[in-house]
Amino acid sequence: MSEILRRHVAAFNNRDLRALLAGFTDDAVWITGTTVARGRAELADLFESAMTQLLPTLTVDEILIDGDRVAAQLTERLTHAGDEHTFPIAGFYHLRNGRIASAKIYREGSAELA
């Protein structure tokens, strides 16, 4: 597995916001559904909210690497409104200088939780 993605998933699952943000370039862009976060401040808000409200965990199921591009199939488990949910998701990452410069995440069904 891409070491960069492995560190990203580990920090996410450990709810280690500092380590998670260290894995992004200063100008990183993260797109999930209709949500777009640009730069570390917006990424911090996005991930801190998810980590404290949804209690998500990720498992990497499959990964493809082509130079500075990584595509991954993951399983996301989270809690929303007291109910546990499991979603297959796909993530497409562009890496730069050992960090995530951009990512677009697709959750099966909808990226928006009702």
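Six strands form an open sheet in the order 2-1-6-5-4-3, and their pairing is mixed. At the edges lie strand 2, covering residues 35–38, and strand 3, covering residues 57–66, each of which pairs on one side only. Between neighbouring strands of this sheet the average turn is 15°, with direction ignored. The model described here is a predicted one.

Strand 3 and strand 4, the latter made of residues 69–80, run antiparallel and are joined by 9 bridges. Within this pair, V60 stands opposite L74 of strand 4.

## Helices against the sheet

Helix 1, residues 3–13, packs on the sheet, where it touches strand 1 (24–32), strand 3, strand 4, strand 5 (83–96) and strand 6 (99–107). The direction of helix 1 makes about 170° with that of strand 3. Helix 3, residues 39–53, lies across strand 1, strand 2, strand 4 and strand 6, and runs at about 50° to strand 1.

In soluble globular proteins, nonpolar side chains tend to be buried together. Here the largest nonpolar core has 29 residues, and those with the most contacts inside it are F24, W30, L43, F47 and Y93. At least two residues of this core come from each of helix 1, helix 2 (17–22), strand 1, helix 3, strand 4, strand 5 and strand 6.

What does W30 touch, once its neighbours within four places in sequence are left aside? W30 is then in contact with H8, F24, T35, V36, A37, L43, L46, F47, Y93, A103 and I105.

Definitions and conventions. Residues are numbered from 1 along each chain as its sequence is written. This is a predicted model: local features need pLDDT of at least 70, side-chain atom pairs count only at pLDDT 80 or more; totals for chains, interfaces and linings use all residues. Side-chain values use heavy atoms; hydrogens and water are left out. Two strands pair if DSSP finds at least two bridges between them. Helices (H or I, at least four residues) and strands (E, at least two) are DSSP runs, numbered from the N terminus. Axes are lines fitted to C-alpha atoms, for helices over the stretch in contact, and angles run from 0 to 180 degrees between N-to-C directions. Contact means heavy atoms within 4.5 Å. A nonpolar core is a set of buried Ala, Val, Leu, Ile, Met, Phe, Trp, Tyr and Cys residues joined through side-chain atoms within 4.5 Å. Buried means under 20% relative accessible area, exposed over 50%, partly exposed in between (1.4 Å probe, protein chains only).
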